Amino acid sequence: MSLKVNQTVHELTLEPRVTLLDALREHLGLIGTKKGCDRGQCGACTVLVNGRRVNSCLTLAIMHANDEVVTVEGLAHTDGELHPVQSAFLRHDAFQCGFCTPGQICSAVALLEEHRRGPESADPLTEGAIREGMSGNLCRCGAYPNIVAAIREVGSRA
Amino acid sequence: MHNFSYARAADIDGALRLVSQPGAQFIAGGTNLLDLMKGGVANPDRLIDITRLTALAQIHELPGGGIRIGALATNSDTANQPLIRQRYPLLAQALLSGASPQLRNMATLGGNILQRTRCGYFYDTGFDRCNKRQPGSGCGALQGFNRSHAILGGGESCIAVHPSDMSVALVALDAVVELRTARGARRIPLAEFFRLPGDTPQIDNHLARGEIITAVDLPANRWQEHSAYLKVRDRASYAFALVSVAAALEIQDGIVQDARIVLGGVAHKPWPVPEAATLLRGQRADAEHFREVAEAAVRGAVPQKYNTFKVELAKRAVVRALSTAASAEEMT
């Protein structure tokens with residue numbers, strides 16, 4: 001099968017049972033996307049498929065032959081400039097151990113885009129909306145206040 | 001995970017043909033099925049990918065003001081569809097109270113209806129006894145940790161609850177589900193699609209072997225001005241309901257014309273309270289009458305050792321949801 005990840009098409013031979021997460025990590029070496037619970041509960045494996053955030057652990061790679069997948073490795077500009085959400089996470093120290101961070105960042109990028117396209121796009125993204133919108137991403141270090149602050153900063157600039 | 005073969009269906013007829021093979025099962029969003037397969041609870045030999053049947057992902061108006069939601073419409077697309085938000089805010093609320101944004105982006109209407117219970121004794125194959133997973137083996141929950149389990153409609157064979165929020169709202173909105181086999185289509189009220197465990201708790205609903213859900217139809221909504229979905233759970237977001245209530249009222253000049261109450265998290269299926277309509281019709285929409293509905297809602301309840309709290313919780317949730325619905329403004 002061919003799998004398009006971060007603008008590059010890869011040819012892969014996979015068993016049907018290989019999840020998108022395992023294809024990324026074990027077959028393409030893209031280990032930025034993390035395997036936390038592997039059961040759709042923690043959000044560490046969040047990637048963007050056709051611009052929408054999904055849990056890559058709960059979907060099969062073979063189902064995404066015609067899709068565009070973006071992982072945390074594909075968010076920065078090709079010249080190395082970080083994505084605004086990545087810079088904001090650095091500025092706000094929005095992590096401790098960092099394990100959930102790639103999923104948090106991918107999820108936040110999608111949340112900001114959902115807000116931009118949604119019915120409340122004229123209003124700034126509230127703290128409550130960020131907390132609810134990020135509820136699928138757990139952080140066991142408890143870096144939530146700084147994660148919310150980072151997203152809020154990017155949201156207010158949009 | 002048990003290995004399996006994979007085939008992608010190009011159209012509905014092809015999907016129905018492929019799923020007629022032994023051990024075959026459909027996969028769409030996959031958020032529940034793959035979770036069950038990882039745990040060894042589901043072990044299909046073939047998966048039939050229906051995600052490319054894009055005709056089934058449409059949401060459109062029906063003549064007469066109703067709406068048709070295709071079985072493959074994702075939970076997020078349905079919740080954010082302008083027609084749904086304007087005319088069926090109850091459904092949008094219920095959808096957005098379920099799972100996480102990532103899961104809602106994958107989970108579909110059909111899959112949400114067909115999702116399995118999250119009873120721990122069903123979900124964890126380390127437990128020997130589960131009549132739903134292994135018919136005849138007994139029920140681990142009856143004598144086990146049954147805090148999240150059924151208080152209504154259960155029995156000695158199974159006290160699992162149906163976990164869907166969306167389905168609770170759909171039943172309150174008088175949804176009709178369309179099912180199709182190679183021989184033709186049939187339509188039944190969603191409330192009758194689900195079933196109680198009885199002596200065959202391994203069967204969640206009336207979907208026949210080889211049958212596919214194609215759509216859910218909602219009649220023109222009489223409840224958009226006065227509806228509310230209340231979900232009570234252990235944390236503020238991203239948790240299954242301990243108790244949920246879909247409340248809908250049709251009110252004219254302060255007098256209730258009609259009412260719907262459906263409970264979630266309390267039974268093997270969304271639990272309608274038909275007495276809501278008979279008790280409230282012709283009455284003022286006030287707490288005194290809402291309390292009568294609450295009493296009716298839990299009549300016959302049989303709580304378990306760890307979930308006696310659900311009876312009072314359900315009653316209070318009914319009153320709260322009805323009060324919210326009565327005072328609700330049309331969602332804009």
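This is a predicted model: local features need pLDDT of at least 70, side-chain atom pairs count only at pLDDT 80 or more; totals for chains, interfaces and linings use all residues.
Helix α3 (residues 101–117) of chain A packs against helix α5 (residues 144–157) of chain A at an angle of about 35°. I noted their axes as 11 Å apart. I then checked the hand: α3(A) passes α5(A) in a right-handed crossing.

Next I listed the contact residues. From α3(A) I have A:Q104, A:A108, A:L111, A:L112 and A:H115. From α5(A) I have A:I147, A:I151, A:V154 and A:G155. Sorted by class, the contact of α3(A) with α5(A) holds six nonpolar residues, three polar ones and no charged ones.

I moved on to chain B. Helix α12 (residues 287–297) of chain B and helix α13 (residues 309–327) of chain B have axes that come within 8 Å. I put their crossing angle at roughly 140°. The crossing of α12(B) past α13(B) is right-handed.

Which residues of α12(B) meet α13(B)? I found B:A287, B:F290, B:R291, B:V293, B:A294, B:E295 and B:A297. Their partners in α13(B) are B:A314, B:K315, B:V318, B:V319, B:L322 and B:S323. I counted nine nonpolar, one polar and three charged residues in the contact of α12(B) with α13(B).

Last, I looked up the domains of chain B. The assignment gives domain 1 as 5–52 and domain 2 as 227–327. How far apart are the centres of domain 1 and domain 2 of chain B? Taken over C-alpha atoms, I have 36 Å between them.

Notes: Residues are numbered from 1 along each chain as its sequence is written. Chains are lettered from A and ligands numbered from 1 in the order in which they are written. Axes are lines fitted to C-alpha atoms, for helices over the stretch in contact, and angles run from 0 to 180 degrees between N-to-C directions. Helices (H or I, at least four residues) and strands (E, at least two) are DSSP runs, numbered from the N terminus. A crossing is left-handed if the near helix is turned anticlockwise from the far one by less than a right angle, and right-handed if clockwise. Two residues are in contact if their C-beta atoms, placed from the backbone, lie within 7 Å. Ala, Val, Leu, Ile, Met, Phe, Trp, Tyr, Cys and Pro count as nonpolar, Asp, Glu, Lys and Arg as charged, and the others, Gly among them, as polar. Domain bounds come from an automatic or database domain assignment.
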